[in-house]
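Please look at the sequence and the model before reading on.

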Amino acid sequence: MLRRFCIRWIPAFISWLVAPSWVFAFSRSGARVWLPEGISTVAPEIDRLFYIVLVLTSVVFVLVQGTLLVFLVRYRRRPGRKASYSHGNYRVEVVWTLIPAIILIWLAFQNQRVWSKVRGTPPPADLEVEVTAEQFAWNIRYAGQDGAFNTQDDVLTINQLHLPIHQTILIHLKSKDVIHSFFVPQFRFKQDVVPGLTTHVWLSATKSGQYEIACAELCGLGHYRMRGFLTVESPEAFTAWLAEMFKEQTAS
Amino acid sequence: MNRSSHKSPGFVQKYIFSTDHKTIGIQFLITSLFMLFFGGLLAMLIRWQLGWPGHSLAFMEKIAPEGMPGGIMVPEYFNMLFTMHGSVMIFFAIIPLLVGVFGNYLIPLKIGAGDMAFPRLNMISFWLVPVSIAIVCTGFFLQGGAAASGWTAYAPLSTTMGPGQLCWIIGVIVLGSSSIMGAVNYITTIINLRAPGMTYFRLPMSIWALFITAIITVLATPVLASALILLLLDSTLGTSFFLPAGMIIDGVLQPNAGGQALLWQHLFWFYSHPAVYIMILPAMGIASEVIPVFARKPLFGYHSMVWAIMAIAILGFLVWAHHMFTSGMNPALGTSFMASTMVIALPSAIKTFNWLGTLWRGSIRLTTPMLHALAFVSMFVIGGLTGIFAAASTVDLYLHDTYFIVGHLHYVLFGGSLFGIFAGITFWFPKMFGRLLNETLGKIHFALTLIFFNGVMFPMFILGVAGMPRRIYDYTQYAHLAHVGGLNRMMSVSAFCLGAAQLIFMFNFFWSMYRGKKAGENPWQANTLEWATASPPPHGNFEKTPTVYHGPYEYSVPGRKDDWLPQHQPAK
């Protein structure tokens, strides 16, 4: 009897229990692999939403998997006991439809609040930058002194994006060839860059430092090395850098 | 038709160009299991590069001298590998396994019919699959290799590729025609050839799922086919459906004008999101079929299960642009697709609760098919819940195109579909071949698969949260990914073990086909009609067309000695 129980149940338990612990045994070693530092004004809000979803789904996960395991043990086949004959329960079904429905609607509203802020009409911009993606580089264009693009005093760089801290920045994204995606993990957003379309995104950085721009949409064989460098710095440092770049550009 | 008047068919007619739905089902099974194995090998090469970027895998130099010179993978080859892994798994493994195998094998048997409504169409629909595989895989032998623009083939990148990409486009069009032929056949068969007494609400859930899947296929696949034809024209004849003016590729100004790159994504996802349900509904049907048999209990909420499938099918056509939250489409569209995506989570939740309800106060037997069906429920829950992260459009701005999405889709397609497929194969193997699979080997295969599947796929969520983009040949150059190497290596080791575990399945499959214990008509003591005939069933399936008296899940009916009541047996 005991032997039969073991043969039947041990593989099931081992696989259900070992699976997650196998993952954690490995992932615990080394540095923490989790969300990178958030450095834009919207990052905390996106993170908050992420954690709301994480908590909700974790609760559902534990409840469902726990119920599954409890049922597997409790209602395992035993001699002399017959399964109950039931085709369902209307009331229970209504309850377990309504509860997730309410949670999902609430979540949709939570999400919409942040979405309309991130993707809605941008606030007035302190600085506008044009970023043109191509296989496999980011071309950056600043309007320069006159504040207008495509004039004599535009400042052009390749793969070097400098942004002043705490200012609202409007980025115009364009592509020369195929679709790319402008992804700065620390800003918590990405925006595809589509040929034939100019897409506008806004952001405001909250922490100075050196970061990286990754291309997040497959764009060909050099996709993996389409990396840009982002520097967030004080407005003074930024102005000085821009002037420096302009000088270099006119000298050459 | 008088079945006894059939002349005994020759070898070719019986095993190769057969019009018998059972033979066609098994042909689909062997073909797509082979492709599943091939797709898995491609995945292991991907994992090699991700676990040990730039390390040499010496023997591969002989197989792919251009893609892996000196055994070291080049980026183009990596792009080709994940493109072909996705394409092979979706088009040649999961869809044919779920729809081709179970659709063909089960529909006539479970509704009490002698064969499909259009047996010849059925034969063509199978034979187009090897043709399609041949066309797509020809790319491996052409200059520049097979398709390398992702299984989504986003324009304009896909139009700038070499001949391998054209093979991919043509091959997928051929496969789409095969799916449409199969689907038309399934719909007609289910509507017209049901045995007397087999009303719609006495159909087993697997048949409901395949029926709805066939309807989705008929509605969605032509959209993909037409989009692919437009893509082919853009790539070869210089049209501009998806190509805007002013593109400069390799320093050359392209002559196109007036196209829309996002149009491809809309058309592609208009097919491919419903296709996600093509790849999960039949697996849900299988789970709904297997769980009551081994819980010895009627399916909980049969009617709501049917309505949930229908709701998923309808809503499935209204959520496609949730793949495009970051694409640059109007943000207002993002809101509506976020809302519809939240809604589609509901029917899936209802189905999960109903499976749990079926287990409640059952008498559970943990056979191999049952273990796979339970793993389906358990893993599908993870796939579904992680979908909510992606559905919340703002969170998706961060998670889109990272490994989080790769993890999510593998929990749905491997954790969901493939465990459903394993449940189905192990459940119906005795019917298909007349012999039982070895239970011990089956359980070992199950346990190893579940452990190593989680070992590969679960860390993907963590990597995605850490901001690791998908489809990336070498992540080590990014500062924010400097510390993910250990996790990646652990995933790769799991992937190789996962692949090795499938050899146990292969061995068990072929060994049991000849050496397994004889199964008899009804080894699982199940109710549905396929168990009312010999294993394997004769040509024409039933000696006499059965009459159906009740629904498919009458288990443990009070007052009866046996705890099952077959559909073709009257209660008294």
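## Strand pairing in chain A

Two strands count as paired if DSSP finds at least two bridges between them. The model described here is predicted. In chain A, strand S5 (residues 169–175) is joined to S8(A) by 5 bridges, and the two strands run antiparallel. Within this pair, A:His172 has A:His200 of S8(A) as its bridge partner.

S5(A) and S8(A) belong to an open sheet of 5 strands, whose order in chain A is S3-S2-S1-S5-S8. The pairing in this sheet is mixed. Strand S3 (155–158) and strand S8 (199–203) of chain A are the edge strands, each of which pairs on one side only. On average, neighbouring strands of the sheet are turned by 25° against each other, with direction ignored.

Which strands does helix H4 of chain A lie across? Helix H4 (residues 235–251) of chain A lies across strand S2 (137–142) and S3 of chain A.

S6(A) and S9(A) are antiparallel and share 2 bridges; here A:Phe182 is partnered by A:Cys215 in S9(A). S9(A) also pairs with strand S10 (residues 227–233) of chain A, in the antiparallel sense and over 6 bridges. In this second pair, A:Ile213 stands opposite A:Gly228 in S10(A).

## Domains of chain A

The domain assignment divides chain A into domain 1 (2–27 + 35–74 + 94–119) and domain 2 (127–251). Where the two touch, domain 1 of chain A supplies 11 residues and domain 2 of chain A supplies 11 residues.

On the domain 1 side of this contact, the largest share, 3 residues, comes from H2(A). The residues on that side divide into 6 nonpolar, 3 polar and 2 charged.

## Contact between chains A and B

How many residues of chain A are in contact with chain B? There are 89 residues of chain A in contact with 100 residues of chain B. Several elements of chain A each supply at least two residues to its side of the contact, including helix H1 (2–27), helix H2 (43–74) and strand S9 (209–215). H3(A) gives the largest share of this side, 14 residues.

By class, the side of chain A that touches chain B has 51 nonpolar, 22 polar and 16 charged residues.

## Helix packing in chain B

Two packed helices are described by the angle between their axes and the distance between the axes. In chain B, the axes of helix H2 (residues 21–51) and helix H5 (residues 119–138) come within 10 Å and cross at roughly 15°. Angles under 35 degrees count as roughly parallel, so H2(B) is roughly parallel to H5(B). Their crossing is left-handed. Among the residues that meet are B:Phe28 and B:Met35 in H2(B), and B:Phe126 and B:Ile133 in H5(B). The residues of this contact divide into 8 nonpolar, 4 polar and no charged.

Helix H7 (residues 205–236) and helix H10 (residues 302–315) of chain B pack at an angle of about 15°, with their axes 10 Å apart. H7(B) and H10(B) are therefore roughly parallel to each other. H7(B) passes H10(B) in a right-handed crossing. The contact includes B:Trp208 and B:Ile212 of H7(B), and B:Ile309 and B:Met310 of H10(B). By class, the contact of H7(B) with H10(B) has 11 nonpolar residues, with no polar and no charged ones.

Conventions. Residues numbered from 1 in each chain as written. Chains lettered and ligands numbered in written order. Predicted model: local features only at pLDDT ≥ 70, side-chain atom pairs only at ≥ 80, totals over all residues. Helix = DSSP H or I, 4+ residues; strand = E, 2+ residues; numbered from the N terminus. Axes fitted to C-alpha atoms, helices over the stretch in contact; angles between N-to-C directions. Contact = placed C-beta atoms within 7 Å. Nonpolar A, V, L, I, M, F, W, Y, C, P; charged D, E, K, R; others polar. Domains from an automatic or database assignment. Parallel < 35°, antiparallel > 145°, perpendicular 65-115°, else oblique. Left-handed = near helix turned anticlockwise from the far one by under 90°.
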